[in-house]
Amino acid sequence: MSSKGHSYPPGMGGEQVGGSSAGMAIHKSEGLVPINAQGLSTIPGLYAAGDALGSYMSGGIYTQIGSSLAGSAVQGAIAGAAAANDSLGMASKLDVSEQYLALVNQQILAPLKRERGYSPAWVTQVLQGVMIPNFVLYIKKERMMQAALAYVEELNEHHVPMLMADDLHALRLAHETENMIITAEMKLKASIMRKESRCSHYRLDCPDIDYENWQAWINISKDEKGNMVLEKQPFESWPHFS
C-alpha cells in the first residue's frame, strides 16, 4: 500500500512528489493480511509480499533506508513461486462473461473518454496538502484527522469520478491517484479507531500504549454496498505459521 513518487512538469510541485501513504504507520504493519506462510490473502489467487504484506518484520521503525529489502526479497521469492504454481491451469477454470469484461474495460478507460475534469497531478497535490502536514502525518489528534478525513472523502466522492487523462501515462496516474485517495481514507479511519500510541502511530490525545484493548490488528474490508468496514482482530486470533 505504499505509493511511489511521480514526476511532474515544472511548476507542479517539484520533480519528485511522494504518495499519500507516506508515514502514518510502519509499512510492514499494513496491506494484505496473509493466511498462510506463502503470502496468500483472503482473496483466492492473490498473493502479496514486501510492503504490501502485513508481516511487521521491521518492528516499530525502519532502522535505515533499505533495511527491509532482504526480507521483501525473500517474501517475494516465496509468494512468487506460490502464485505461479497456483496459476497453473487456472485459465481453463475461469468463467468470466463478456459483459463483465466489457464493464471492466469501460471502467479502466473512463478517464481517457472524459472531456472535462481534473488532472491526476492536481488532485494528487491536493491530497498531499491534506495528508502530509506534521499534525496529520506524525503528531496525530482526532480533531485534525477527522478534518483531513472529510477532505479525503470529498476527493473520493467528487474528484475521483472526474479524473481525466489524455494519454496512457496520465491514465496510469489517474488510477494511482484514486488508489492513493482510498489508501489515505483507510489510514485515517484506522488511526482514528486506534485510540492509543504504538510504534510510529503516535496520538497526542492518546499518548500511551494500551495493551489491554489494542494488542490487535485493524482489518479493513468492504460490505455489500462497497462501504469501508473496520474491525479489530485480537492477538489471540492472529494466524501462526510453522
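The following is a dialogue about how terms are applied to this predicted model.

Trainee: What should I know about the numbering and the model?

Mentor: Residues are numbered from 1 along each chain as its sequence is written, and side-chain values use heavy atoms, with hydrogens and water left out. The model is predicted, with local features needing pLDDT of at least 70 and side-chain atom pairs counting only at pLDDT 80 or more, while totals for chains, interfaces and linings use all residues.

Trainee: How many helices and strands are there in the chain?

Mentor: The chain has seven helices and six strands. Both are DSSP runs numbered from the N terminus: helices are H or I with at least four residues, strands are E with at least two. From the N terminus on, the order is β-β-α-α-α-α-β-α-α-β-α-β-β.

Trainee: Why is R203 called buried?

Mentor: Buried means under 20% relative accessible area, exposed over 50%, and partly exposed in between (1.4 Å probe, protein chains only). R203 has 1% relative accessibility, so R203 counts as buried. R203 is found in strand β4, residues 202-203. Buried residues make up 32% of the 242 residues in the chain.

Trainee: What makes the pair D205 and R203 a salt bridge?

Mentor: The term requires a side-chain nitrogen of Lys or Arg within 4 Å of a carboxyl oxygen of Asp or Glu. For D205 and R203 the distance is 2.9 Å, N to O. D205 is partly exposed, because its relative accessibility is 37%. Through shared partners, salt bridges join E142, K195, R203 and D205 into one network.

Trainee: Which parts of the chain does the pair of E142 and K195 link?

Mentor: Their side chains meet in a salt bridge at 2.9 Å, N to O. This pair links distant parts of the chain, with E142 in helix α5 and K195 in the loop between α6 and β4, 53 residues apart. E142 has a relative accessible area of 25%, so E142 is partly exposed. K195, at 41%, is therefore partly exposed.

Trainee: Why are E185 and K189 separated by about one helical turn?

Mentor: They are four residues apart in helix α6, and therefore about one helical turn separates them. An α-helix has 3.6 residues a turn, so residues three or four places apart point the same way. The side chains of E185 and K189 meet in a salt bridge at 2.8 Å, N to O. E185 is buried because its relative accessible area is 8%.

Trainee: How do you know that the span of helix α3 agrees with expectation?

Mentor: The expected span is 1.5 Å times one less than the number of residues. The twelve residues of α3, 120-131, should span 16 Å, and the end C-alpha atoms are 16 Å apart, so the two agree. The helix is mostly covered, with nine of its twelve residues buried.

Trainee: What makes a set of residues a nonpolar core?

Mentor: Its members are buried Ala, Val, Leu, Ile, Met, Phe, Trp, Tyr and Cys residues joined through side-chain atoms within 4.5 Å. The largest one here has 21 residues, and those with the most contacts inside it include L127, M131 and L188. Helices α3, α4, α5 and α6 each supply at least two residues of this core. Helix α6 gives the most, with six residues.

Trainee: How do you know that the side chain of S41 makes a polar contact?

Mentor: A polar contact is a pair of N or O atoms within 3.5 Å; within protein, one must be able to donate a hydrogen and the other to accept it, and residues adjacent in sequence count only if both atoms are side-chain atoms. A polar atom of the S41 side chain lies 3.1 Å from the backbone nitrogen of I43. S41 is also buried, because its relative accessibility is 3%.
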